[in-house]
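Reader: I have a model open and a few quick questions. Can you walk me through it?

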Amino acid sequence: MTRAARAFWFNPPGPGEIRAVPLPACGPGEVEVRTMYSGISRGTETLVFRGGVPASQHELMRAPFQEGEFPGPVKYGYLNVGVAEDGPPELLGRTVFTLYPHQTRFVVPASAVTVVPEAVPARRAVLAGTVETAVNALWDAAPLLGDRIAVVGGGMVGCAVAALLARFPAVRVQLVDADPARAAVASALGVEFALPADALPGCDLVVHASATDAGLARSLELLAPEGEVIELSWYGDRPATVPLGGFFHSRRLAVRASQVGAVAPARRSRRTPADRLALALELLADPVFDILITGECAFEDLPSVMPKLASGELPALCHRVVYREEDSCSA
């Protein structure tokens, strides 16, 4: 009997499709995982959906278990939570997080999975990759006691950064977004909210995650002299305009990139990517992160849901995909 699973493939410019894919036997040092939930990282996966990954970034943008080549067809994704059903005894029956695409069942090296702490519900653990990005950003940003901080862009990553900053003592944190509906999210996270025009100036630090020219310009405007913008946005194949005239030089401002592909330099000699992911999962014991999951669909509905997420017809921070046990198949 040939074993098979089902996986969602991006097929730009089409809507994507669910395909049967071979499921290898679980060998020594490997684990077989049955997916319970996956998460859609809307910004990145929208870029993949429309075929917008720049040619210069094809290798850097590869997901750990991607199949196919950009622009597509490609099997892509990296927020997967499932149950280990075969493999090392210490993993059997455990809930695990894997940087794996949207697929019903898969086999990977046991070193590629991270056990989800018992205090973290599987349904929330799909946020692990996003919170890991936020952890890395704050290792880059290194906020200090009493800092005045703005997070510009209330998407999935920006909100995760704000949620972590809310834990810092004696800091002023504002979540800045053009959508007034993000005020409710900010309140749930325990931070202030402001529309761009109303954001408080004089910031020591701004984390920018809106992926817009206007957001980056406003981030620079909000800085106090010698302040810094940590740029988390991924612009893909779109050029970004950075206003380096006016007060940029006189205030001695700085813009610095942060990207989760490597551990932040401030911790690189002492933390591995596995350490960083384990920390993100520990942080997800806090139920406040549930506010970031704003939609849900069944796995078989992905071909119709993904275009709506990409177009904005279906607004979302993190959209969770639910798998039934019978979604796995053999042929």
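Predicted model: local features only at pLDDT ≥ 70, side-chain atom pairs only at ≥ 80, totals over all residues.

Reader: Which residues of helix 7 are buried?

Author: Arg 276, Leu 277, Ala 280, Leu 281 and Leu 283, in a helix that covers residues 273-283. They sit on the same side of helix 7, because they cover an arc of only 160 degrees around the axis. The arc is taken from the directions from the helix axis to the C-beta atoms. Buried means under 20% relative accessible area, exposed over 50%, and partly exposed in between, with a 1.4 Å probe and protein chains only. Helices (H or I, at least four residues) and strands (E, at least two) are DSSP runs, numbered from the N terminus.

Reader: And which residues are exposed on the other side of helix 7?

Author: Ala 274 and Glu 282.

Reader: What covers the buried residues of helix 7?

Author: The cover includes strand 7 (95-98), strand 9 (113-115), helix 2 (128-141) and helix 3 (156-165). Contact here means heavy atoms within 4.5 Å.

Reader: Switching to rings. How many aromatic pairs does the structure hold?

Author: Seven. Rings of Phe, Tyr and Trp (its six-membered ring) pair if their centres lie within 6.5 Å; planes under 30 degrees apart count as stacked, over 60 as edge-to-face and the rest as tilted. One of the pairs is Phe 8 with Phe 10, edge-to-face, 5.2 Å centre to centre and 75 degrees between the planes. Phe 70 and Tyr 76 make a tilted pair, at 5.7 Å and 55 degrees.

Reader: Is Phe 8 buried or exposed?

Author: Buried, because its relative accessibility is 0%. Tyr 76 also counts as buried, at 3%.

Reader: Which residues do ring pairs link into a cluster?

Author: Phe 8, Phe 10, Phe 70, Tyr 76 and Tyr 78.

Reader: Last one. At what angle do the axes of helix 1 and helix 8 cross?

Author: Roughly 105 degrees, and the axes come within 9 Å. Axes are lines fitted to C-alpha atoms, for helices over the stretch in contact, and angles run from 0 to 180 degrees between N-to-C directions. Helix 1 and helix 8 are therefore roughly perpendicular. Angles under 35 degrees count as roughly parallel, over 145 as roughly antiparallel, 65 to 115 as roughly perpendicular and the rest as oblique.

How values were computed: Residues numbered from 1 in each chain as written. Heavy atoms only, no water.
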